[in-house]
Amino acid sequence: MDWTTLLRLPSTILLVLAVIALLFTLVQLIALRTRLHAGQRLAAALRALSLAVGFVLTLVLVGASWGLRGYRLLSEETPVVTIDARILSPQRWALTLRWPDGSTRQVQLSGDAWRVEAVVLKWKLPALLAGLPPLYRLDRLSGRYDDPAQEAQAPRTVIGFDEAGPYDVLDLKRQHPQWVPGVDTVFGSGAFLPLVDEGHYNVSLMRTGALVARPDEVTEQRLGQPFGG
């Protein structure tokens with residue numbers, strides 16, 4: 001992941017703000033010691049208050065940064081991943097996932113189609129009035145069978161992206177909603193398309209939170225052909 005992409009992540013932005021808050025706290029600590037040595041009690045009390053505010057703000061920003069790991073800012077339509085498919089055997093596929101930051105991942109999937117799911121997070125006032133965009137993170141990739149009976153009995157493939165890690169804001173919202181009062185809604189969004197050999201798919205996320213999956217032109221033509229393209 002390059003620095004430009006890294007600096008656009010909400011967790012990175014919050015961490016930078018936490019460093020600034022920490023520097024402010026250290027400055028207040030030095031000023032407090034100076035005022036105490038000079039016997040300026042009123043000025044020392046004001047510095048102590050500023051020190052406490054800076055320390056609490058630093059902890060809040062660090063905690064928020066930790067809870068938003070894996071989330072990204074959601075613009076009007078954001079490309080989230082591209083998928084290239086290669087058939088290994090009937091209903092068995094090798095997929096190559098490519099993210100906008102250039103990272104890739106190789107996985108194997110069972111089924112007739114792939115399905116991608118994302119978690120979308122929206123805000124309450126005043127963050128909404130401030131123009132804070134929704135956040136999202138990819139949650140999982142799974143295989144899907146066309147036949148419902150096979151879907152219930154055949155081997156399933158579910159691959160987690162593990163972008164959030166422990167103490168995700170989603171877990172906090174579920175277990176302690178009072179800790180994240182600024183979060184309005186957290187919901188899931190999914191999209192799926194049939195798999196074909198040498199298929200290429202683009203997955204985007206709309207600002208509304210809806211995932212959109214599109215095959216390229218060649219893949220779209222293959223989707224109308226028999227199994228295997």
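This is a predicted model: local features need pLDDT of at least 70, side-chain atom pairs count only at pLDDT 80 or more; totals for chains, interfaces and linings use all residues.
Trainee: Understood. Which residues does Ile83 touch?

Mentor: Leaving aside residues up to four places away in sequence, Ile83 touches Leu95, Thr96, Leu97, Trp114, Val116, Leu141, Gly199, His200, Tyr201 and Val203.

Trainee: And which residues touch the most other members of the largest nonpolar core?

Mentor: They are Ile83, Leu95, Trp114 and Leu141, in a core of 28 residues. A nonpolar core is a set of buried Ala, Val, Leu, Ile, Met, Phe, Trp, Tyr and Cys residues joined through side-chain atoms within 4.5 Å. Buried means under 20% relative accessible area, exposed over 50%, and partly exposed in between, with a 1.4 Å probe and protein chains only.

Trainee: Which strands each supply at least two residues of this core?

Mentor: Among them are β2 (77-89), β5 (113-123), β6 (135-144) and β8 (183-194). Helices (H or I, at least four residues) and strands (E, at least two) are DSSP runs, numbered from the N terminus.

Trainee: How many helices and strands does the protein have?

Mentor: There are six helices and ten strands.

Trainee: Changing topic: in what order do the five strands of the open sheet lie?

Mentor: The order is β4-β3-β2-β9-β10, with antiparallel pairing. Two strands pair if DSSP finds at least two bridges between them.

Trainee: Why is one side of β4 and of β10 left without a neighbour in the sheet?

Mentor: β4 (104-110) and β10 (211-215) stand at the edges and each has a single partner strand, so one side of each lacks a neighbour there.

Trainee: How many bridges join β3 to β4?

Mentor: Seven bridges join β3, residues 92-98, to β4, and the two run antiparallel. Leu95 stands opposite Val107 in β4.

Trainee: What about β6: is it largely enclosed or left open?

Mentor: Seven of the ten residues of β6 are buried, so this strand is largely enclosed by the rest of the structure.

Trainee: Which residue of β6 is the bridge partner of Val119?

Mentor: Arg137 is that partner. β5 and β6 pair in the antiparallel sense over nine bridges. Three bridges also join β6 to β7, residues 158-160, again antiparallel, and Arg140 stands opposite Gly160 in β7.

Terms used
Residues are numbered from 1 along each chain as its sequence is written. Side-chain values use heavy atoms; hydrogens and water are left out. Contact means heavy atoms within 4.5 Å.
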